[in-house]
Amino acid sequence: MKTTYIKINPTAPDEAALKEAAECIKRGGLVAFPTETVYGLGADSFNEAAVKKIYIAKGRPSDNPLISHIAHIDEVSRLAEFVPEDAKKLMEAYWGGPLTIILKRKAGVPGIVSAGLDTVSVRMPSHSVANTLIRLSGTAIAAPSANLSGSPSPTTFEHCKKDMDGRVDIIIDGGECSIGVESTVVDMTGEIPVILRPGAVTLEDIISVCGKGMFGGEYADAPKCPGMKYVHYSPDAEVFAVGDIDNFEMPPEEGAALIAYDKYAHKAKNYKFYSAGSSDSDYAARLFYLLRKADEDGIKTVYALLPENKGMGTAIRNRLLKSAGGRVI
Ligand code: TXA
Ligand code: MG
């Protein structure tokens, strides 16, 4: 398939140009687009054949459900059977933004969107390009991250293009994604909000709104968030998480690189240093980008600082430990 590229300035999205992409969604096509978290690979949530194409383009296992993206809070009623009070409060507090909410699926939403589960996951992005595209397409857009299954999620147009060129109808170039890791996924179908995937909206944020909340999913016995059980975020390079950076010595290896905060640049010695900036939010914004860059630079082994388990650090740790296959040194 021949892929068309459309460049859009996120500070003033050109609606006429985005209309072409919206028409493509309406016709059952695939459009990759930027969000504030990562690039997404979108199709009309209500078009079963179109959603099927997402799984093929990504090489995604068919038991891994998709998030439906909406442009306005009210549209959640097209997807969810019922919206509990606490879920409404979370939507008001964090939409548009990096929070995906799992609710009971409404009859009429194709089962393939949810990989057969009786739930549906919904997110309203804050990104101007994503929101305009969804609004113009007049539907909900089902979209996983726009990477080939198993690879780090793309946070730039170039990385999105690398995985999706020739597999989708249109790729929208809207620049870099500011957050850099995928949305927090919270299950609101039970008594207590349960975080199945950590992200920029933290457990503390959820507790501050609902008065309760906990981590679940892969932390519990049965994986409730099917995507979390697969190998994830793996570049070609071998990745090791560095738990104790103060006592870390770079092993004498050809083609090694260190990802860490600027204050640890000296630890890379004469090996390649990739800056994670100076804060957890800088690090989150760069992690996937740097893992992909390591491959582009021919790096064989990546050592990456494991941040503290708090705030945004929890999401970085989750993604990094998956890339490293759990190896911490
Ligand atoms: O930030 C994001 O969430 C990005 C952008 C494009 O919005 N999307 C994204 O989608 O990360 P994806 O498909 O790569 O990850 C969605 C995760 C998967 O782990 C999936 O298993 C889980 O959410 N998920 C989706 N729907 C679910 C449901 N109904 N029940 C449980 N888990 C669900
Ligand atoms: Mg993904």
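Domain bounds here come from an automatic or database domain assignment. The model is predicted.

**Exercise 1. State how the chain is divided and how many Å separate the domain centres.**

Step 1. Read the bounds: domain 1 covers 4–215 and domain 2 covers 238–323.
Step 2. Take the centres over C-alpha atoms. They lie 28 Å apart.
Step 3. List who takes part in the contact: 23 residues from domain 1 and 14 residues from domain 2.

**Exercise 2. Describe the interface of domain 1 and domain 2 by area and by polar pairs.**

Step 1. Start with area. The size of an interface is often given as the accessible area lost when the parts come together.
Step 2. Apply that here: the two domains bury about 1,400 Å² between them. Carbon and sulfur atoms account for 61% of it.
Step 3. Count charged pairs. Two salt bridges link domain 1 and domain 2.
Step 4. Count polar contacts. The rule finds six residue pairs across the interface, both residues at pLDDT 80 or more.

**Exercise 3. Work out which residues of helix α5 are buried, and where they sit around the axis.**

Step 1. Use the cut-off: buried means under 20% relative accessible area.
Step 2. Within α5 (residues 157–164), Phe157, His159, Cys160, Asp163 and Met164 are buried.
Step 3. Find the packing partners of the buried residues. Among them are β1 (4–7), α2 (48–58) and α7 (280–296).
Step 4. Look past the helix. Glycine 166 follows α5, with a positive phi near 80°.

Notes. Residues are numbered from 1 along each chain as its sequence is written. Chains are lettered from A and ligands numbered from 1 in the order in which they are written. This is a predicted model: local features need pLDDT of at least 70, side-chain atom pairs count only at pLDDT 80 or more; totals for chains, interfaces and linings use all residues. Side-chain values use heavy atoms; hydrogens and water are left out. Buried means under 20% relative accessible area, exposed over 50%, partly exposed in between (1.4 Å probe, protein chains only). Helices (H or I, at least four residues) and strands (E, at least two) are DSSP runs, numbered from the N terminus. The arc is that of the directions from the helix axis to the C-beta atoms. Contact means heavy atoms within 4.5 Å. Buried area is the accessible area (1.4 Å probe) that two parts lose on being put together, summed over both. A salt bridge is a side-chain nitrogen of Lys or Arg within 4 Å of a carboxyl oxygen of Asp or Glu. A polar contact is a pair of N or O atoms within 3.5 Å; within protein, one must be able to donate a hydrogen and the other to accept it, and residues adjacent in sequence count only if both atoms are side-chain atoms.
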